[in-house]
Amino acid sequence: MSKPTIKCPTCEKQQEWDSSNPHRPFCSERCKMIDLGAWANEEYTIPESKSASDFSSGELEEQIDKDQPIPPTMH
Ligand SMILES: [Zn+2]
């Protein structure tokens with residue numbers, strides 16, 4: 001039986017589905033980071049020990065905060 005293959009959403013490279021790959025469906029951490037927009041964010045300093053899911057959820061919350069308009073002060 002052949003292994004199932006998936007296409008990396010970032011570089012569209014066909015790869016074998018590897019359940020030990022923490023970056024799937026991306027082929028690598030780099031492609032995953034590109035998809036998350038981390039490269040455009042200037043800060044590509046992600047601690048290796050921190051899990052990617054923690055990073056992305058924190059990132060999202062931060063962006064939501066920034067996007068929220070400051071309500072005018074009511075007197
Ligand atoms: Zn890729």
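Pro25 is located in the loop that runs between S2 and H1. In this predicted model, the peptide bond leading from Arg24 into Pro25 is cis, its omega angle being near 5 degrees. Most peptide bonds, by contrast, are trans, and most residues other than glycine have a negative phi.

Glu12, which is not a glycine, has a positive phi, near 60 degrees. Glu12 belongs to the loop between strand S1 (5-7) and S2. The residue is classed as exposed because it has 9 C-beta neighbours inside 10 Å, and a residue with 12 or fewer such neighbours is exposed.

The chain as a whole contains two helices and two strands. In sequence order these elements give the pattern β-β-α-α. Of the 75 residues in the chain, 5% are buried. Among contacts with a separation of 6 or more, 8% are made by residues 24 or more positions apart.

The mean pLDDT is 76, and 59% of the residues reach 70 or more. Among the elements of the chain, S1 has the highest mean pLDDT, at 93, whereas helix H2 (residues 52-67) has the lowest, at 58. Where pLDDT is low, the predicted coordinates should not be read in detail.

The loop between strand S2 (14-16) and helix H1 (29-36) also holds Trp17. Trp17 counts as exposed because 11 C-beta neighbours lie inside 10 Å, and the limit for an exposed residue is 12 or fewer. Neighbours within four places in sequence being left aside, Trp17 is in contact with Lys3, Pro4, Thr5, Ile6 and Arg24. One of these partners, Arg24, also forms the cis peptide bond with Pro25.

With 13 other C-beta atoms within 10 Å, Asp18 is partly exposed. This class follows because the count lies between the limit for exposed residues, 12 or fewer, and that for buried residues, 20 or more. Lys3, which is among the contacts of Trp17, is 15 residues from Asp18 in sequence, with a C-alpha to C-alpha distance of 8.6 Å.

Met33 is placed in helix H1. For Met33 the count is 20 other C-beta atoms within 10 Å, and the residue is therefore buried, as the class requires 20 or more. Between Met33 and His23 there are 10 residues of separation in sequence and 9.4 Å in space, taken from C-alpha to C-alpha.

Notes:
Residues numbered from 1 in each chain as written. Predicted model: local features only at pLDDT ≥ 70, side-chain atom pairs only at ≥ 80, totals over all residues. Helix = DSSP H or I, 4+ residues; strand = E, 2+ residues; numbered from the N terminus. Contact = placed C-beta atoms within 7 Å. pLDDT = per-residue confidence, 0-100.
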